[in-house]
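These are my notebook entries on one structure, kept in the order in which I looked things up.

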Amino acid sequence: MKVSLNRAMAATALVLALFAAIRSQTQTQTQRTQLIQNDEVKVWRSLVLPNSPLTMHRHDHGRVIIPLQGGTMNIVDQSGAKEAHVWETGKAYWLPANPPNIMHADVNAGDKPIEVVVVELQKEK
């Protein structure tokens, strides 16, 4: 597990460097942009605008969330159950894999955009 987390941290550092250029662009819609994908890791940027959630999806593997612009994100599953996450800009958070057959949407509970980098490990322990 320690090796996987070290790999995730190294990938995160690389991604954050890439964001110096990407971040300056003005975004007008909620979106998920794939940055890296291989057998070890998937890395993407998500921008979630207020009142504009990401579509229902799921994660088969654990992931690290690094907010570039923090806020309160509600993770709402298909049954309507809501889990609030307060993400501070520049900190890192761990979220485990989703339970089997459970989908969720990411809903920005604030009035400003939330922008995160997500590093999802692709291999089990």
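I looked up Asn101 and found it in the loop between E6 and strand E7 (104–108), where strands are DSSP runs of E with at least two residues, numbered from the N terminus. Asn101 is exposed, with a relative accessible area of 66%; I use exposed for over 50% relative accessible area, buried for under 20% and partly exposed for what lies in between, with a 1.4 Å probe and protein chains only. The phi of Asn101 is near 65°, a positive value in a residue other than glycine.

Before going on, I noted that this is a predicted model, in which local features need pLDDT of at least 70 and side-chain atom pairs count only at pLDDT 80 or more, while totals for chains, interfaces and linings use all residues. Residues are numbered from 1 along each chain as its sequence is written, and side-chain values use heavy atoms, with hydrogens and water left out.

I then turned to Asn51, which sits in the loop between E2 and E3 and has a positive phi of about 60° although it is not a glycine. Asn51 counts as exposed, at 78% relative accessibility.

Is Asn74 buried or exposed? I found Asn74 in strand E4, and at 10% relative accessibility it counts as buried. Leaving out residues up to four places away in sequence, Asn74 touches Lys82, Glu83, Ala84, Ala105, Asp106, Val107 and Ala109, where contact means heavy atoms within 4.5 Å.

My next entry is on Ser79, in the loop between E4 and strand E5 (82–87), which is exposed with a relative accessible area of 61%. The side chains of Ser79 and Asp77 are joined by a polar contact of 2.6 Å; this term means a pair of N or O atoms within 3.5 Å, and within protein one must be able to donate a hydrogen and the other to accept it, while residues adjacent in sequence count only if both atoms are side-chain atoms. A polar atom of the Ser79 side chain also lies 3.5 Å from the backbone nitrogen of Ala81. His104 is 25 residues from Ser79 along the chain, and their C-alpha atoms are separated by 8.9 Å.

I looked next at strand E3 (residues 63–69), which is largely enclosed by the rest of the structure because 6 of its 7 residues are buried. E3 pairs in the antiparallel sense with strand E6 (residues 93–95) over 3 bridges, two strands being paired if DSSP finds at least two bridges between them. In E6, Trp94 is the bridge partner of Val64. E3 also pairs in the antiparallel sense with strand E8 (residues 114–121), over 6 bridges, and in E8 the bridge partner of Gln69 is Glu115.

Which residues make up the largest nonpolar core? I counted 11 residues in all, among them Trp44, Leu54, Ile65 and Val118; such a core is a set of buried Ala, Val, Leu, Ile, Met, Phe, Trp, Tyr and Cys residues joined through side-chain atoms within 4.5 Å. The largest share of this core, 3 residues, comes from E8. A second, separate core of 7 residues includes Val64, Ile66, Leu68 and Val119.

Finally, I noted that Arg32 lies over the face of Trp44, at 3.8 Å from the ring centre; a charge sits over a ring if NZ of Lys or CZ of Arg is within 6 Å of the ring centre and within 35 degrees of the ring normal.

Technical notes
Helix = DSSP H or I, 4+ residues; strand = E, 2+ residues; numbered from the N terminus.
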